[in-house]
Amino acid sequence: MITLENVSKIYPPDVHGLRDISVTIDPGEFVSIVGQSGAGKTTLARLLIAEERPTRGKIEIGGWDITRIRSRQIPELRRQVGVVFQDFKLLPKKTVWENVAFALEVAGAPTKRIRDVTPQVLKIVGLEEKGQRFPHQLSGGEQQRVVIARALVHRPKILLADEPTGNLDTINTRDIIDLLLKINAFGTTIVLVTHNREVVNALRRRVITLANGQVAADHKEGKYLLPS
Amino acid sequence: MPIATTTGRVISYAWKNFARNAWIGLATVFVLVLALLSVNVLVGVSAMMDRAVTILEDKVDISVFFKQGTPDAILQQAQFFMAGLPQVANVTLNTPEQALEAFKQLHATDPKIMEALAELDQNPLGASLVIKGKHPDDYPFLLEALKNPQFGFAIESKTYDDHADAISRVRDIGNSGRLFGAILVAVFAIFSAMIVYNAIRVAIYTQREEIGVMRLVGASSSFVRMPFVVEGLFIALLALLISAGIVAGIVAGIQPQLVQFFDGADPGLRAFFVGNFWQLLAAEGGTLAVLVTVSSWAAVGKYLKR
């Protein structure tokens, strides 16, 4: 469960990223967080992976108060919260297999586990045949699937996807959303940060709408309410 | 986290980092080699200066010439008395016959002296004592001790060449050299630290993307840091090996010239480096290791902030 209690984020001197937000996300939910530029979506995403600390309020992930997280505990959090970004963040000199295995290597996973898990997650994202290709040899959608595979290797309870379809065409967008739904069906909580109206409306899942750093709407089977 | 696996990965990443930034690494090695060479020149010169002082100090002695016909009992009493002083390293008594023999050998190639000597019907030389003190500062005391009334009356003359000026000059040169060398080493140490720090920073800058991904997927700070520290240690080790090779080559090359310069005496340079090899290796290697570790650790720190 993810719980945000009266969370505010103020950037000096007095720019409000988030204003007194309180939200609860249950395990296994698929939640879209929408809002226009500057609404606070990315700030919220950064707070959830402890890349920033809230100015006020409390954030708990699975009962773990990450507001007071220590620097040395952050790697543990990042293994529990998989992250997918719009700009992929793949290593261009590593193959697909190496990019995915890298996440396990740096976490100190035994070699045998890396050999077992990497093909499994590549199969989940449908790239088992392209393990030896380099990122530049893949389409945008395929690259994003590699990123998702990399985020899954630690079997995270939560997958945070910050504008994962921002650089993709309609077909690849559909593929990625289907993949996220598939992962969600396995029980992983998905937090999708997006401003893609079609995606949100097609999902028919919970939608939290942010505006000016505040929760403007929170609907169980919501739609994209904001003007284009 | 299994230590062997993690260590293997850290070393593997460090080696890849080094290979990717080979030119920066080699430039850093070059500067560290210069720094190490300056240290070794300093300690080598210092060792030679000490050796020169020792050689000069060894040459200091007092020669005491006794009057002709001085009884053996007096000579032996003088030898016994002087040898018993704690300031004396050794005393050699030369009989008149030994003195004459030594004189003949010394002037064997000079026919005029040999002819003049042959014309004399008796040995013109008396007995002599050669006294070596333990320390150059002891000689004034030993000269006073020779005034002992039990044998002082039998002394015809004394020669004392203290080489004081030469010893003082060598010491001054040594001290100046050490001071200049220490400044040089300090300057090189500061430059080396700055260059190592910046080389690691450049290496990190080229790999900031990889560091970002490592952090993103849950690598610990120490796992991100360690490859850069180990890379610094690779650089330090390479610099140490190269400078050791250069020093060994230079010492072997200049030793014969130095022997000539030291008038046939061993200048002690090779003996110094061979005798102190492990101490020097530990001191220089240890300092270098600390230098690169601290530099690398600090340089990576900037990229580990959340």
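Tutor: We can start with a residue in a strand: A:Asp20 lies in strand E2 of chain A, where helices (H or I, at least four residues) and strands (E, at least two) are DSSP runs numbered from the N terminus. This is a predicted model, in which local features need pLDDT of at least 70, side-chain atom pairs count only at pLDDT 80 or more, and totals for chains, interfaces and linings use all residues. Residues are numbered from 1 along each chain as its sequence is written, and chains are lettered from A and ligands numbered from 1 in the order in which they are written.

Student: What phi does A:Asp20 have?

Tutor: Most residues other than glycine have a negative phi. A:Asp20 is not a glycine, yet its phi is positive, at about 50 degrees.

Student: Is A:Asp20 buried, partly exposed or exposed?

Tutor: A residue is buried if 20 or more other C-beta atoms lie within 10 Å of its own, exposed if 12 or fewer, and partly exposed in between, with C-beta atoms placed from the backbone. A:Asp20 has 15 other C-beta atoms within 10 Å, so it is partly exposed.

Student: Where is A:Asn212, which has a positive phi of about 50 degrees?

Tutor: A:Asn212 is not a glycine either. With 13 other C-beta atoms within 10 Å, A:Asn212 is partly exposed. Its place is in the loop between strand E9 (206-211) and strand E10 (214-219) of chain A.

Student: Which residues is A:Val23 in contact with, leaving aside its neighbours within four places in sequence?

Tutor: A:Val23 lies in strand E2 (residues 15-25) of chain A and, because it has 17 C-beta neighbours inside 10 Å, counts as partly exposed. Two residues are in contact if their C-beta atoms, placed from the backbone, lie within 7 Å. For A:Val23 the contacts are A:Leu4, A:Ile208 and A:Val215.

Student: How do helix H3 and helix H5 of chain A pack, roughly parallel or roughly antiparallel?

Tutor: H3 (residues 96-106) and H5 (residues 140-152) of chain A pack at an angle of about 30 degrees, with their axes 8 Å apart. Angles under 35 degrees count as roughly parallel, over 145 as roughly antiparallel, 65 to 115 as roughly perpendicular and the rest as oblique. H3(A) is therefore, relative to H5(A), roughly parallel.

Student: Which residues of H5(A) make the contact with H3(A)?

Tutor: From H3(A), the contact uses A:Val96, A:Asn99, A:Val100 and A:Ala103. From H5(A), the residues are A:Val146, A:Ala149 and A:Arg150.

Student: Which helix gives the most to the side of chain A that touches chain B?

Tutor: The contact takes 20 residues from chain A and 18 residues from chain B. On the side of chain A, the elements that give two or more residues are helix H2 (74-80) and H3. The most, 4 residues, comes from H2(A).

How values were computed
Axes are lines fitted to C-alpha atoms, for helices over the stretch in contact, and angles run from 0 to 180 degrees between N-to-C directions.
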